[in-house]
Amino acid sequence: MSTASEVQAPARLTAWSRSRGWLTNPWGRPRFLVLFTWAYMIWALVPVLIAVQFSFNDSRSRTVWQGFSTRWYWGDPVDSVWHDPSLRNALVQSLKLATADVLIATPIGVLLAIGLARWTGWGSRPSNFLMLFPLVTPEIVMGVSLLLLFTNVFTFVGTGTPAQILGHVTFSISYVVVIVRGRLFSIGRQYEEAAADLGASPTVALTRVLLPLLTPAIIASAAVVFAISIDDFVISQWLSSGGATDTVPIQIYAATRAAPLPSTNAIATVMMVLTLVSVTAGYLVWRAFTRGERRPERKAAEEAGAALQMG
Amino acid sequence: MARGEILLIGLSKRFADVVAVDSLDLEIPGGEFFSLLGPSGCGKTTTLRMIAGFEQPSEGRILLDGADVAYTPPHKRNVNTVFQNYALFPHLNVFDNIAFGLRRAKRPKNEVRPRVEEALELVQLGGLGKRKSSELSGGQQQRVALARALVLNPAVLLLDEPLGALDAKLRKTLQIELKTLQQEVGITFLYVTHDQEEALTMSDRLAVMNNGRIEQVGSPRDVYEEPETLFVADFLGVSNLMDAAAHGAGDAGCRVTLERFELEAGGGERDTTGPAKVVIRPERVELERRDDPSGPNRLPGMVERLVYVGSAVQVLVRVATGEKLQALVQNTGQALPYEQGTPVQIHLPVDALRVLSAGERAVRQEPETDTVPA
């Protein structure tokens, strides 16, 4: 036991130790982490914001700001996104690919996820693992191999829009499977068992119980597929047949290498907004659908209330 | 024959190299409240899941009102389940949850509504049909799960620890409600629980399970008062188990010796000889003063500890044989004349003392259904 005389006076705080204490005080706000996070955010976001800003520049310069205008979006009769046929085509082609990708990859991925999550026999583990392969395979490798496949083996596919759609679907399916399978594991088998218990055949259990419960995951994965498809460069480029099948990223790449105009920034901004909107919409839908599933503290309180009422 | 009779014959379930249920034989007459009681991993839930149809038996037969349903898929069996965590469909409201089964059975609309409302009234949730299940308390969710299963008027209702997620007070209330409800609707309830108090309070009969086998079947009173195996004696309530040597039948029961003390045990296997255990419930142990007149079945001891538990006082006594014994003395408001170190005389009444042979497995050879009153 220590007596009062044994208790040492606190050491004098130096300027250094005080500032260190301000950063790392374990009882205070985690200031160091906050600073670190903001530093990263600025590093990552500022270049993007500057690129967006210059899409609204009133002159042809992408470095000198000369006032706000929307000429690079639709005002300029030749070089704006709206009027330049190559940019407009690229936008249409990108949207076409992304839409087709969503419509094809999502249903296939959902069914694969259900199969993989509910299949527990021999071979299920390797198959589940293999589904991650497209996520880790370098895109350039996949692009080259698909090109070889479509030009040498399945020559009826060739290059162009169908090949691009097939390529996008190939790697998108994995994302759908991973997202939907995660949801399947978190909802467990209990609802299907309850449905069967109440007289629902496996098909009815799927359509009346499982699919409604998977809706948030299905919508979220559709949003992610849309976003990654519209962003894709490598596979779209390898499987493009040039001209009309060039997508926005390909156009941006080409334009930046040749004679870049703020219209390049404008179309990039359009892409970014599309991606953000789809991902945000997916997130909001997910939240809205799963709202009832995470309120443990409220449930506990209500339970106590019910116990009082009945007691 | 009452509807809802269950007959399990040689029912087994193996998962890889684990035997979850080991050739179970059990007969449950229609209209009974029957519990499967046992520690976790004893196979009780697997048994229930096989009857529901979620697991396929490795061997054996499941007869439901005489028809073998072991290989009938769950959606074609006339049994319904109340799940441990209710499994209410989160995308449907209370009404649609309860109507789910009726709609699958293609009942006409003008029949569905009154039946669902009747079921809601039955579980005292009238008027809550429009709520989402996530807007209900745990106790209310439990009632919806019950209504959802009962509305289909099954032959058997299976309940898998349905009160497990609720707090103690609510659990007590719902125990009584469940029992009342079962008597009202008159169908067979098969109730799985690890809570001995639940099983004893509600059941007409219960089976105590351990390691995939049934240890004992009987009324709550039979199982509690006359445990047939050491496991049952130990699992149900607090038991005093003491090593003894048995010497076969005497005047009032089996003659047993605990070291130099000779006792007679009126219950259990009265003809047994050799190493055995004697069992007595704490509430049946009688404490006397050391200088009280001696008599049969009395042992000297010393109070080691008093534990106040509210309604009673637990007295831990060190018996002269060296073993510890627990006595439960009802709290009558008067101070006990004991404290730590008080020498006492322990009376183990003949009829309260049971002898069980130490070779645990040898005890149970007959089919459990023998103890069933016809």
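I looked up the contact of H9(A) with H10(A): A:Tyr191, A:Glu192, A:Ala195 and A:Ala196 in H9(A) meet A:Ala205, A:Arg208, A:Val209, A:Leu210 and A:Leu213 in H10(A). I took contact as C-beta atoms, placed from the backbone, within 7 Å. The contact residues divide into seven nonpolar, no polar and two charged. Here Ala, Val, Leu, Ile, Met, Phe, Trp, Tyr, Cys and Pro count as nonpolar, Asp, Glu, Lys and Arg as charged, and the others, Gly among them, as polar.

The model is predicted; local features need pLDDT of at least 70 and side-chain atom pairs 80 or more, while totals for chains, interfaces and linings use all residues. Residues are numbered from 1 along each chain as its sequence is written, and chains are lettered from A and ligands numbered from 1 in the order in which they are written.

Next I checked the helix geometry. H9 (190–197) and H10 (202–231) of chain A pack at about 155°, axes 10 Å apart. Axes are lines fitted to C-alpha atoms, for helices over the stretch in contact; angles run from 0 to 180 degrees between N-to-C directions. The two helices are therefore roughly antiparallel (over 145 degrees).

Then I turned to chain B. I found an open sheet of five strands, order S16-S20-S17-S18-S19, with antiparallel pairing. Pairing needs at least two DSSP bridges. Helices (H or I, at least four residues) and strands (E, at least two) are DSSP runs, numbered from the N terminus. S16 (286–289) and S19 (324–330) of chain B are the edges; each has a single partner, so one side of each lacks a neighbour in the sheet. S17 (298–308) and S20 (343–347) of chain B pair antiparallel over five bridges. B:Leu299 stands opposite B:Ile346 in S20(B).

Definitions and conventions:
Parallel < 35°, antiparallel > 145°, perpendicular 65-115°, else oblique. Contact = placed C-beta atoms within 7 Å.
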